Amino acid sequence: MKIRVLGSAAGGGCPQWNCACRNCRGARDGSVRIEARTQECVTVSADGEAWFLLNASPEVRAQIESFPALHPRRPRDSPIQGILLTNGDLDHTLGLLCLRESHPLVVYATEAVRRGFVESNVLYRTLQRFPGQVSWRTLRIGAEVELWKDGGDRSGLSVEALRGSRRALVYLPAVGRLTPEVVSAADGAGCLFFDGTFWSEDELRELGASEKRASDMAHLPIGGAGGSLAALGGARTSLRIYIHLNNTNPVLREDWPERAAVDGAGWQVARDGMEIEL
Ligand SMILES: [Zn+2]
Ligand SMILES: [Zn+2]
């Protein structure tokens, strides 16, 4: 399986248009060792020909252009065979509205996510220009869906939202708390992408950016006693990568102690353009 990170930041990206936190300033003026990042979107393929997007960020158009494998090969064509939505947040779904131009789309989502996006959303009309413009496929928690099958010995990507069996790719960019299902899904994954939104519970409050805590926004922080770094320390996962990184997160700074802690524990911090071959 081929995996390419098209965007690695949480909603807002880094720098975020209305933020001058240390990281955002650093990404603009070079005063901090940090890379700019677009909002989270990952693309995967079994054969390098047919690709699926994991989430559709508001920056999806530029993200597609950034990766030649996703470019059309004929007038009116796309190697993108479908889009999987991990939840209904705007930074994961707005990109669907950018994928118009009369192109049929196949979208995989839970029924709750589908309903939230389709019903009482006047903008959704833009994807209802012709019958069958969007085909929704229902993801059920714990159920497998076969994305591609080619009869040969190539294995398909099984997306199993949360269950404990071993999977090549486990993609969990938004984790509110560590349930036993999350822990067992992470354990033994060939490649684990995990919620790296915040380093600490009070990151936004300390900056004066928001009154919200990480837990109010359903994101488990990386650091601290109950954080994912400590809690997932025992997971048998060969490749573990933090993604959906909020621009306030100190792990984005390459020469900061929080980054050293993550590196030292064997985790990677996702970058736009990162590629993995499984
Ligand atoms: Zn998000
Ligand atoms: Zn910022």
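Tutor: Two strands are said to pair if DSSP finds at least two bridges between them, and with that in hand we can look closely at the sheet of this predicted model. Strand E3 (residues 51-54) and strand E4 (residues 80-84) run parallel and are joined by four bridges; one residue of E3, Leu54, has Leu84 in E4 as its bridge partner. In general, the strands of a sheet pair through backbone hydrogen bonds, in either a parallel or an antiparallel way.

These two strands belong to an open sheet of seven strands, whose order is E6-E5-E4-E3-E2-E1-E11 and whose pairing is mixed. At its edges are strand E6 (134-138) and strand E11 (275-277), each of which pairs on one side only. If direction is ignored, neighbouring strands of this sheet are turned by 25° against each other on average. Helix H4 (residues 111-118) lies across strand E5 (105-109) and E6, and its direction makes an angle of about 150° with that of E6.

Cys24 lies in helix H1 (residues 22-29), whereas Asn247 lies in the loop between strand E9 (239-243) and helix H8 (257-264), so the pair ties together parts that are 223 residues apart in sequence. Both Cys24 and Asn247 are buried.

Methods:
Residues are numbered from 1 along each chain as its sequence is written. Chains are lettered from A and ligands numbered from 1 in the order in which they are written. This is a predicted model: local features need pLDDT of at least 70, side-chain atom pairs count only at pLDDT 80 or more; totals for chains, interfaces and linings use all residues. Side-chain values use heavy atoms; hydrogens and water are left out. Buried means under 20% relative accessible area, exposed over 50%, partly exposed in between (1.4 Å probe, protein chains only). Axes are lines fitted to C-alpha atoms, for helices over the stretch in contact, and angles run from 0 to 180 degrees between N-to-C directions. Contact means heavy atoms within 4.5 Å.
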